[in-house]
Amino acid sequence: MENVSKEKEQIIISAARKRFAHYGFSKATMDEIAVDVDMGKASLYYYFPTKESLFQAVLNEELNEFLIEMESILATDMPASSKLVELVKKRLEFFRQSLNLGSLSYHTFNDTNQLKRKFFSDLESKELALINRILSEGKSNGEFEKRIDPESGVVLLHVLQGLRIRTLKYIKSLEMNEETFNLLQSEMNIFLKIFIKGISKKNQ
């Protein structure tokens, strides 16, 4: 019975994910999501008592998918500098594909203010932990300077966030077109090259 409930819960989350991505938090309704999964609204509320709780479940699923992808990068034997490059690449690809994460940066800020703050706070802390693990690995294996400023990871994360948010601020649709994506990727790569050069041991 528990497996059935979990399966139904996942079906609801998948349907809600599509609704929120297409219409945003404020315009998507529990009635529509109930129709999408072919169940009564009362049954839907059994699994998720509020639209906010369902939205949070969608965000958590997307966050978990993103972090799994990032963890796979850290598990490889590639140099720490290459892991940073791959991390930035996968991060940007994921945000482009994930409309919920992308649209939350600007398009639904007023609708989901509290949820947005908590979600991005959780995301930021986990991303920062991953970045710092790569920096620590680079210091341990002699690839990076051991006296890297402790705040270097924070600076890297904040610059990447700033470039992405700046881009989203000036696009009208929820989707990032190829030209915009390539420009953002280029800017991120330029900064990352400067960052890696600055912390690499060979530059001492």
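My entries below start with the ground rules and then go through what I looked up.

**Ground rules.** I am working with a predicted model, where local features need pLDDT of at least 70, side-chain atom pairs count only at pLDDT 80 or more, and totals for chains, interfaces and linings use all residues. Residues are numbered from 1 along each chain as its sequence is written, and side-chain values use heavy atoms, with hydrogens and water left out.

**Leucine 59.** I found leucine 59 in helix α4, residues 51–74 (helices are DSSP runs of H or I, at least four residues, numbered from the N terminus). Is leucine 59 buried or exposed? Leucine 59 is buried, at a relative accessible area of 0% (buried means under 20%, exposed over 50%, with a 1.4 Å probe and protein chains only). From leucine 59 to isoleucine 13 I count 46 residues in sequence, and 9.6 Å in space between C-alphas.

**Helix α8.** Next came α8, residues 152–169. Its buried residues include Leu156, Leu160 and Leu163.

**α8 against α9.** I looked up how α8 packs on α9 (residues 178–199): the angle is about 160 degrees and the axes are 10 Å apart (axes are lines fitted to C-alpha atoms over the stretch in contact, and angles run from 0 to 180 degrees between N-to-C directions). The two helices, α8 and α9, are therefore roughly antiparallel (an angle over 145 degrees). Among the contact residues are Leu156 and Leu160 of α8 and Leu184 and Phe191 of α9 (contact means heavy atoms within 4.5 Å).

Conventions. Expected span 1.5 Å × (residues − 1). Parallel < 35°, antiparallel > 145°, perpendicular 65-115°, else oblique.
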